Amino acid sequence: PIALTSDIPCKACTCVFEEWLLANDVEMSGKVASISGMSGTDEKIEGQSFGRGLIAKHDISTREVIIKVPGNLMMTKETAVSIFGPELVDPLMSEYTAIALQLISEKHQLGSASFWHLYVESLPSFEEVGASFTFSEDELALLEGSQLKEFSLLFRQSIEEEFSFLQEHMFSKRRDLFPANIYTLE
């Protein structure tokens, strides 16, 4: 593997995360560089604004491998099963829900003791993403007449229904794994 950073400015948190990636056998082509976008700020490269992720420094050919990530660095439904058990993360639970439960556990219960701590800390907040399903009623009113408002309300309703189901069938039965102050709708 090569160093992930380039001549693009790198914030300290991102550099630590990149070191973690390299220490865990992530391989990155020299044709790409990481950009941080941490703390809600965008990187400026040649006048363009970018967030988090990778940017090509050179042309990339079709089917050219630019990054290899070992499977043990990926959060999946299977990693959630290994934490919570198959009786809680059953085959009918969606991959998204299982990973969301694991992310909450990794961030709010394990914290810096989590194997994925640096990855979890690198994720953007709802505010940074601008997730419209989290908008206040006043903010949603600004979207009146758009498909985005309807989609946002439907997505919010879906999340509320999923939370209610988990609250009734999982969280309330296993408060040792799902403390009420951590596993909330927020």
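**Close-up 1. Serine 114 in a loop of the predicted model.** Serine 114 sits in the loop between α3 (95-110) and α4 (117-122). Its relative accessibility is 7%, so serine 114 counts as buried; the cut-off for buried is under 20%. The side chain of serine 114 meets the side chain of glutamate 106 in a polar contact of 2.3 Å.

Close-up 2. Methionine 74 belongs to the loop between β6 (67-68) and α2 (77-84). With a relative accessible area of 38%, methionine 74 is partly exposed.

**Close-up 3. A stacked pair, phenylalanine 151 and phenylalanine 155.** The whole structure holds 9 aromatic pairs. In this pair, the ring centres of phenylalanine 151 and phenylalanine 155 are 5.9 Å apart and the planes lie at 5°, so the pair is stacked. Stacked calls for planes under 30 degrees apart. Both residues belong to helix α7 (residues 147-169). They are 4 residues apart there, which means a separation of about one helical turn. Phenylalanine 155 is partly exposed, at 36% relative accessible area.

**Close-up 4. A tilted pair, phenylalanine 171 and tyrosine 183.** The ring centres of phenylalanine 171 and tyrosine 183 are 5.3 Å apart. Their planes meet at 45°, so the pair is tilted. Phenylalanine 171 and tyrosine 183 both lie in the segment after α7, and the pair ties together parts that are 12 residues apart in sequence. Phenylalanine 171 and tyrosine 183 are both buried. They also belong to one aromatic cluster, formed by Phe84, Phe163, Phe171, Phe178 and Tyr183.

Note on methods: Residues numbered from 1 in each chain as written. Predicted model: local features only at pLDDT ≥ 70, side-chain atom pairs only at ≥ 80, totals over all residues. Heavy atoms only, no water. Helix = DSSP H or I, 4+ residues; strand = E, 2+ residues; numbered from the N terminus. Buried < 20%, exposed > 50% of the residue type's maximum accessible area, 1.4 Å probe, protein only. Polar contact = N/O pair within 3.5 Å; in protein donor to acceptor, adjacent residues only side chain to side chain. Phe/Tyr/Trp six-rings, centres within 6.5 Å; stacked < 30°, edge-to-face > 60°.
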